[in-house]
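User: I would like to learn how to read the local features of a protein model. Please take me through them one at a time.

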Amino acid sequence: MGNDVLRNRGLSFTARGILGYLLSLPDGADEDVRKLADKNPIIGRDGIKAAVDELIEARYYFRHTYRNAQGQVRTAVYVFDTPQDSFTPLPDLPGTGPATPGAAGRLPSVGKDLDSKNETKTPPSSPAAAVQPREEREGDGGQESEAARLLGRLGSIDSRLALSAKQATALIPLAAQWLHRGATIAEITDALTQGLPPRVYSAAKLISDRLGRKLPAPRRQWKSYTDCAKDCGRLLPAEQDSGICRHCALGPADIPTPTATVPDIGGPNAAWHAARAAMRAA
């Protein structure tokens, strides 16, 4: 937040505090006047509502009511750190309704295509279409398949990020690089879905830009060790992932016992040097 809004005397301290709190939340957070009042019982619901009304009047806070694809009436809230002279909410998703001729949704790209048996078909450009990863290369570890599943799920997280099968296939190598460098699925999902602009004109270009621009540095790969199969409490060498250790294979009698080499050092510290050499050998 800039100093302009923090020092805006046209807003009360409560309104400025609520605006700062709302701006700190991630996209898609579930927050309303009732929940804000529950978290701030001293201010109360009336005080919270009055502060929100201030933000609405100053054009920092906007409500948009729409009907989602399941026919439910929902309210989306848009919050900005600067007053907006003009604001246009995101396009509404088409709602369900009676199957009457001419009652098409406002977004034909996600409309329904019914056959003679009234069974719903998946549109060709639907993000639910199967994404076919390229044949996994040796040593890939299934990262391209995991990247394909990740890209195919973005549309269910945010409809603005829906990709066609062709677009997702082209982005698989970029997403696989994140997995190869040690990034988790949750980290990649957050990098692609958080802080989106109000309008997404090309989901493929936005995702490609973020995957390339935010690509993390390779993480250090830690060696893994396996316990001896005889449960002796010893670990196998790093290059051995199964079997028994050298101690169990040779037996205690076959393993040479290290002997302490005590240096011939005289003087008052001779005993200390002898004890130190014995501890090193042990």
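**Reading the features**

Analyst: At 17% relative accessibility, D158 counts as buried, because buried means under 20% relative accessible area, exposed over 50% and partly exposed in between (1.4 Å probe, protein chains only). This is a predicted model, in which local features need pLDDT of at least 70 and side-chain atom pairs count only at pLDDT 80 or more, while totals for chains, interfaces and linings use all residues. Residues are numbered from 1 along each chain as its sequence is written, and side-chain values use heavy atoms, with hydrogens and water left out.

User: Which residue meets D158 in a salt bridge?

Analyst: Side chains of opposite charge can pair when their charged atoms come close. The criterion for a salt bridge is a side-chain nitrogen of Lys or Arg within 4 Å of a carboxyl oxygen of Asp or Glu. For D158 the partner is R160, at 2.9 Å from N to O. R160 is partly exposed, at 23% relative accessible area.

User: How many salt bridges does the structure hold?

Analyst: The structure holds seven. Among them is the one between D30 and K35, whose closest N and O atoms are 2.6 Å apart. D30 is exposed at 57%, and K35 is partly exposed at 23%. Another joins E31 and K39 at 2.9 Å, N to O. Here E31 is buried, with 16% relative accessibility, whereas K39 is partly exposed at 48%.

User: How do strands β1 and β2 pair, parallel or antiparallel?

Analyst: Helices (H or I, at least four residues) and strands (E, at least two) are DSSP runs, numbered from the N terminus. Two strands pair if DSSP finds at least two bridges between them. In this model β1 (residues 61-67) and β2 (residues 73-79) pair in the antiparallel sense over seven bridges. Y66 has R74 in β2 as its bridge partner, and H64 has A76. The two strands form a hairpin with five residues between them, and G71 in the turn has a positive phi of about 85 degrees.

User: What should I look at in an aromatic pair?

Analyst: A pair of aromatic rings is described by the distance of the centres and the angle of the planes. Rings of Phe, Tyr and Trp (its six-membered ring) pair if their centres lie within 6.5 Å; planes under 30 degrees apart count as stacked, over 60 as edge-to-face and the rest as tilted. The structure holds one aromatic pair. The ring centres of F62 and F80 are 5.8 Å apart and the planes stand at 80 degrees, so this pair is edge-to-face. F62 lies in β1 and F80 in the loop between β2 and β3 (113-114), so the pair ties together parts 18 residues apart in sequence. Both F62 and F80 are buried.

User: Which residues of helix α7 are buried, and what do they pack against?

Analyst: In α7 (residues 185-193) the buried residues are I188, T189, A191, L192 and T193. They pack against α5 (143-157), α6 (165-180) and α8 (203-213), where contact means heavy atoms within 4.5 Å. Just after α7, G195 takes a positive phi of about 65 degrees.

User: How many disulfides does a search of the whole structure find?

Analyst: A disulfide is a pair of cysteine sulfur atoms within 2.5 Å. The search finds zero. C245 is in no disulfide, and the nearest cysteine sulfur, that of C248, is 3.6 Å away. C245 is buried at 5% relative accessibility, and C228 is buried at 2%.
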